[in-house]
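Have a look at the sequence and the model, then read on.

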Amino acid sequence: MKPLANADLLKNPTLIKISALLLLTVASFYLGKHWSNDSYHQLLFFSSSATSGTSTPKISISPNSNKTFNLSAIIPSNQTTTPPNPIPIPSLPTETEPNPPPPPIQSFGIVDENGAMSDDFEVGEVENVEDWGNQTETVESESDGEAKPNRFRIKKFGMCPESMREYIPCLDNADAIKKLESTERGEKFERHCPEKGNGLNCLVPPPRGYRQPIPWPRSRDEVWFSNVPHTRLVEDKGGQNWISRDTKDKNKFKFPGGGTQFIHGADQYLDQMSKMVSDITFGKHIRVAMDVGCGVASFGAYLLSRDVLTMSVAPKDVHENQIQFALERGVPAMAAAFATRRLLYPSQAFDLIHCSRCRINWTRDDGILLLEINRMLRAGGYFAWAAQPVYKHEAALEEQWTEMLNLTNSLCWKLVQKEGYIAIWQKPLNNTCYLSREAGTKQPLCDESDDPDNVWYTSLKPCISRIPENGYGGNVPSWPDRLHTPPDRLQTITFDSYIARKELFKAESKFWNEIIGSYIRAMKWKKMKLRNVMDMKAGFGGFAAALNDHKLDCWVLNVVPISGPNTLPVIYDRGLLGVMHDWCEPFDTYPRTYDFLHASGLFSVERKRCEMSTILLEMDRILRPGGRAYIRDSIDVMDEIQEITKAMGWQTSLRDTSEGPHASYRILTCEKRLLKA
């Protein structure tokens, strides 16, 4: 077959047809595009005719393009036009139409349903459950297959009687107090916990009319009457500007900011102290303070604005509920008494200790109570005493002043200033003065074997706690540098570690800083109105330090369990607050006093010592309705914890940690509801 020449190729009818069709297609495309841009929306029809082997394509407009039609004319008049309710039929997705998104998941944790970090967190209000009831309900658990009888578990904890709404188990143990041999030294105000097996087994009810607390900083100046419905302090101390009932709104208590010795306000009083001693620089050299016999804690409340954390302490005595008022205001406070045992704070903890008419006889029993102040006061720290013996000249009061001077001299304290109502002493920086005293001087130095940080059920000792020769505890940096500076006393902590302690300290801080950052992003923590926070197993205080770094307007009580190493000295050297505690026993605070409880690795340790329900019921007692608890622990304890929290009426959600679903830890986020019998 001969190949086609170029001239013959151009005369090929098939090629002519293909070329004409391509030309027509291109022309139709450009014409259609032009007309559509001019909003010309008539229908177009394509047609073609074939004659004797050739075809001529044509384009024509619809013949009905200029006509209108009345559809009603073809619909019968007796037929309704209302369509029936359509039955929704889901359409299958196409490649260009993806599946519709699932409904939003109500989030209560830091990760979503896939284990990824979540960006949304729903913060709920206090939820009321009217008919919770007083009866505890139990169900029979199935046998584990061994020759053991079936066990019973709690399905629902009932509400305690109304008389227990302010119950503090270890301070309200009437049977134990009756058995005391003596109460003249304040023994009845110390801890007397129920025997094992006789602890709390119900949910402490709130007072009637309980409301979500007023948020900080408004709570410094006012709280709801219905949350702390007691008027005794108003009657006893109203004239001293402690507290008053709002004349316009009887539903509120007001706190004018005064005290027995500073009726014109705490701010003026604090300014006076700073002027008296130039080294008392609040928020720098003075970071952690204690207020003894604190009343409603106005001294500590006003120090907060000066970047000072104050542990306000008072016994549960005739001025009942003063600690409860302090915590309702959002101010750090604990029920504690100067009686026969050491307080639960470490040696050299406080930069300043303050007593304003605190009703304590410091010179009794050769000054044993002031020796306890000396143990807790940091080397070079200050003791401020505002009391009648300082400024009145009656014979009995002058005698008390002389006794106080003699006692402080024997402690080597220096009276640095006395002005108006206030006298201020300074503790020495080392043991030189003590060692230079005459032989036989009372208040001897404690034996070198004495551990001044051993405080759990430890009796007061009639001796002066030694200041470490290496200066540990007395040479901390100023605030805020001290927060992230590994303190010297880090080296004194007894624990097993294969990592250098400073590196361990820094690693803990970094870990919690990242975790808190994720909580803020995922759970909107800055919208949660956190104020009173407790870290139930605090370590070096990294959790509290991270909250401070992220500018959350709250304070943290760092609890160091007795089952682990005593890290309290490190916590105080960082400029934070803390306390020693055994979580197999109740905590010394009123019910409903904390907004947030944080427990990391607590239950996997303590379950070897006591029932987990003991700890969880105590958490329920001290947590406010609407408050939250975050439990971060190993998987093997989570089922039992969830079972108990459900029986307490908590709303919970189990979440993965940031390590993912295969990690050995989980996070249980909990919210306490407002239950009523």
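Counting a disulfide as a pair of cysteine sulfur atoms within 2.5 Å, you get six of them here. Keep in mind that this is a predicted model, where local features need pLDDT of at least 70, side-chain atom pairs count only at pLDDT 80 or more, and totals for chains, interfaces and linings use all residues. Residues are numbered from 1 along each chain as its sequence is written, and side-chain values use heavy atoms, with hydrogens and water left out.

**Who pairs with whom**
- Number the bonded cysteines of the protein in sequence order, and the pairing reads 1-4, 2-3, 5-6, 7-8, 9-10, 11-12.

**C412 and C433**
- These two cysteines are joined by a disulfide, with 2.0 Å from S to S.
- The link of C412 and C433 is left-handed, at -80° about the S-S bond.
- C412 sits in the loop between α10 (395-410) and β14 (414-419) and C433 in helix α11 (residues 432-435), so the bond ties together parts that are 21 residues apart in sequence. Helices (H or I, at least four residues) and strands (E, at least two) are DSSP runs, numbered from the N terminus.
- C412 is buried, at 9% relative accessible area, while C433 is partly exposed, at 31%. For these words, buried means under 20% relative accessible area, exposed means over 50%, and partly exposed is in between (1.4 Å probe, protein chains only).

**C446 and C463**
- Here the sulfur atoms of the disulfide are 2.0 Å apart.
- The link of C446 and C463 is right-handed, with 90° about the S-S bond.
- Both C446 and C463 lie in the loop between α11 and α12 (501-523), and they're 17 residues apart.
- C446 counts as buried at 3% relative accessibility, and C463 is buried too, with a relative accessible area of 14%.

**C584 and C610**
- A disulfide connects C584 with C610, and its S to S distance is 2.2 Å.
- This link of C584 and C610 is left-handed, with -80° about the S-S bond.
- You'll find C584 in the loop between β18 (577-581) and β19 (594-600), and C610 in the loop between α15 (603-606) and α16 (612-622). The pair is 26 residues apart and links distant parts of the chain.
- C610 is buried, at 12% relative accessible area.

- C294 is buried, with a relative accessible area of 9%.
- C554 also counts as buried, at 16% relative accessibility.
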